[in-house]
Amino acid sequence: MQNQYIILSSIEWNTIWQTQQKLADSLSKNNKVLFVENTGIRSPNIKDAKRIKDRIINWYNSTSGFKEINKNLLLFFPLIVPLPYSFLARKLNSFLIYRSIDKWLKIHNSGNIIVITFLPSPLSISLIDKINPNILIYYCANRMIGHNNQHKKLISWEQHLIKKSDAIYVISEELKKYASTYNTNIKKFPAGVEYAKFASATKANYIPNAIKKIKNPIVGYVGAITKVFDIDLVAYVASANPKISFVFIGPKFIDCKKITKLTNVYLINQVSHNELPHYMKRFDIGIIPYIINDFTNSVYNSKLNEYLSVGLPVISTNMNEIKYFNNDNENIINIAKNNSDFSNLINKTLSSRDKNIILKRINIAKMNSWEKRSKDIEEHIDNLLKNKVYLNDNWKIKISKISNLRKNIYIKLTSTFLILFFIIFYSPLFWFLGNNLIIRDIPKKSEAIVIFSGNGEPAYQNPSYQKRTLDGLKYYKEGLANKIYLTSGRKQLFDEVQLIESLLISNGIPKSAITVIDKYPKNTYENVILTEKYLRNDKVKKIIFITSPFHSLRSNLIWKSNFDYITINNPSVLDTPSNQIQWTSNLKTIRVVIYEYLAIIFNFYKGYLKLW
């Protein structure tokens with residue numbers, strides 16, 4: 001029975017031929033394979049314009065995003081919202097991509113579903129959760145988080161993926177050390193070489209025109225020229241050896257002016273993988289001129305065995321994985337310690353033409369052929385499937401896992417609820433938030449008392465006007481002002497301002513000292529605007545301002561933001577809470593505090609008040 005493989009790739013199919021394309025191609029000989037092109041781990045920039053354009057063209061020329069490579073291998077070009085760390089974008093992208101993947105799965109509807117992901121992104125993990133494969137393998141082909149600050153966002157996602165995978169495939173010893181911290185099932189499967197392709201090319205007479213006229217000796221490099229490519233090293237070596245031709249084949253992603261100005265340097269754009277052996281057989285030396293850092297120390301260069309398969313001597317910078325390779329293969333690679341050593345090794349190697357060493361290189365490449373590598377991978381996956389079937393048949397283990405999962409979910413939910421409950425109701429959180437809304441000025445003599453009734457209360461109908469009446473009466477009788485202005489933010493069954501006026505008069509305050517503003521503004525801002533007109537008409541510039549305690553900060557900010565010529569004195573009122581720390585809060589207080597903060601934000605964005 002054929003299995004169904006879904007490969008979540010970190011590259012496009014038409015880039016330089018690497019492990020991802022080779023794996024898909026070899027698996028498709030006996031299985032159905034869906035190769036999902038790169039969905040990205042960073043937001044795009046101007047340099048990605050061509051890739052975006054190519055993706056759109058590929059999708060347009062495909063059948064709903066699908067393109068057949070052979071009868072068992074299908075490419076999928078996903079169109080996505082390129083925001084890899086946005087929750088909403090991830091949800092939308094995973095929904096759209098999974099819908100297409102699900103169609104492919106339903107068409108075949110046979111065999112085990114195996115996902116091999118090269119991408120530890122949030123979107124990949126979301127897709128994996130939706131697919132729910134029989135086997136999940138994370139192929140850790142490099143440290144993506146090692147050479148770009150944006151990629152560091154992947155750390156927690158990658159660790160999560162490593163933990164949940166059935167197996168981790170790595171290409172280097174450094175990656176093996178890293179992955180083994182989170183998973184015990186680690187297998188090293190570095191890049192292999194399509195040995196037969198390279199061996200047959202060396203016997204052919206064909207030489208591509210782009211390299212035919214370049215003079216020997218030729219020192220060659222095949223691969224992308226990226227940030228890890230040591231341009232300074234190459235410039236030094238090429239300058240020091242003007243009689244040697246230096247040929248670089250592959251796409252360029254960095255500024256290459258340092259080497260293009262040299263007459264013995266030749267840059268050839270990316271060529272098809274089938275053409276590469278014909279270029280390489282013209283080389284005298286293959287080089288790997290990488291900068292040494294955490295990223296490159298974990299890299300197993302995919303061109304290493306390709307160089308060896310055509311008998312080329314290889315010179316490399318001193319990367320960890322090259323040293324591991326040398327330990328396993330009788331020091332077959334020449335490792336340079338610095339720039340001058342690299343140059344010296346080139347000259348020393350060119351003078352040596354030992355046929356036995358050439359044969360030794362070819363035999364090492366044979367041992368690292370892709371045919372052998374893919375066979376080992378498929379055998380390992382078969383063993384994973386057998387073990388998974390055994391585990392699935394063990395109903396005690398299955399029930400125990402489900403029970404433990406539910407128990408853990410229940411514990412987490414209950415714990416979260418209890419923590420939130422105690423933080424909200426039995427901690428000083430809302431006392432602290434509410435205390436910052438309250439102004440407690442020392443009462444000062446002013447020209448008038450302004451009472452806002454009906455503001456800062458959670459209920460539409462409320463008795464707070466009684467408290468505001470007593471507050472106004474107190475400060476009037478203390479002789480702090482001889483005028484009172486009454487206004488209300490709410491119209492109720494009985495007009496509050498009239499009730500307050502009646503209560504004040506009945507307590508000995510003359511009617512002539514009271515100004516009733518019997519209009520009902522929609523909000524505090526309109527209330528302030530309306531009241532200020534009365535104050536300006538009476539030439540009042542100093543007021544004692546009385547309102548509900550939690551409303552005092554917002555109203556003060558509105559007064560000062562719009563009429564800073566008026567001096568506001570906001571003393572404590574009858575229901576002002578104590579400024580001593582409180583460890584409990586009730587729902588009424590919580591509602592008022594939340595409402596006030598939201599109201600301050602709303603007024604700020606409307607331009608009614610300033611916060612600084």
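These questions and answers walk through a predicted model. Residues are numbered from 1 along each chain as its sequence is written, and side-chain values use heavy atoms, with hydrogens and water left out. In this predicted model, local features need pLDDT of at least 70, side-chain atom pairs count only at pLDDT 80 or more, and totals for chains, interfaces and linings use all residues.

Reader: Is Ser9 buried or exposed?
Author: Ser9 is found in the loop between strand S1 (4-8) and helix H1 (19-27). Helices (H or I, at least four residues) and strands (E, at least two) are DSSP runs, numbered from the N terminus. Buried means under 20% relative accessible area, exposed over 50%, partly exposed in between (1.4 Å probe, protein chains only). Ser9 has a relative accessible area of 1%, so Ser9 is buried.

Reader: Which residues have the most contacts inside the largest nonpolar core?
Author: A nonpolar core is a set of buried Ala, Val, Leu, Ile, Met, Phe, Trp, Tyr and Cys residues joined through side-chain atoms within 4.5 Å. The largest one has 116 residues. Those with the most contacts inside it are Ile6, Ile116, Phe283 and Ile346.

Reader: How many residues are in the second, separate core?
Author: In soluble globular proteins, nonpolar side chains tend to be buried together. The second core includes Leu473, Leu480, Ile484 and Val573. Its residue count is 19.

Reader: Is Tyr60 buried or exposed?
Author: Tyr60 lies in helix H2 (residues 49-60). Its relative accessibility is 68%, so Tyr60 counts as exposed.

Reader: How many residues apart are Glu37 and Arg55?
Author: Their side chains meet in a salt bridge, 3.4 Å from N to O. A salt bridge is a side-chain nitrogen of Lys or Arg within 4 Å of a carboxyl oxygen of Asp or Glu. Glu37 is in the loop between strand S2 (32-36) and H2, while Arg55 is in helix H2. The pair links distant parts of the chain, and the separation is 18 residues.

Reader: Which helix holds Lys164?
Author: Lys164 forms a salt bridge with Asp129 (2.4 Å, N to O). The pair links distant parts of the chain, 35 residues apart. Asp129 is in helix H4 (residues 122-131). Lys164 is in helix H5 (residues 155-164).

Reader: How many residues apart in sequence are the parts tied together by Asp575 and Arg468?
Author: Asp575 forms a salt bridge with Arg468, the closest N and O atoms being 2.6 Å apart. Asp575 lies in the loop between strand S19 (567-569) and helix H23 (587-606), and Arg468 in helix H19 (residues 464-477), so the pair ties together parts whose separation in sequence is 107 residues.

Reader: Why is strand S16 largely enclosed by the rest of the structure?
Author: Ile484, Leu486 and Ser488 on one side and Tyr485 and Thr487 on the other are all buried, which covers both faces of S16. S16 (residues 484-488) is largely enclosed because its buried residues number 5 of the 5.

Reader: In S17, which residue is the bridge partner of Ile484?
Author: Two strands pair if DSSP finds at least two bridges between them. S16 and strand S17 (residues 514-516) run parallel, joined by 3 bridges. In S17, the bridge partner of Ile484 is Ile514.
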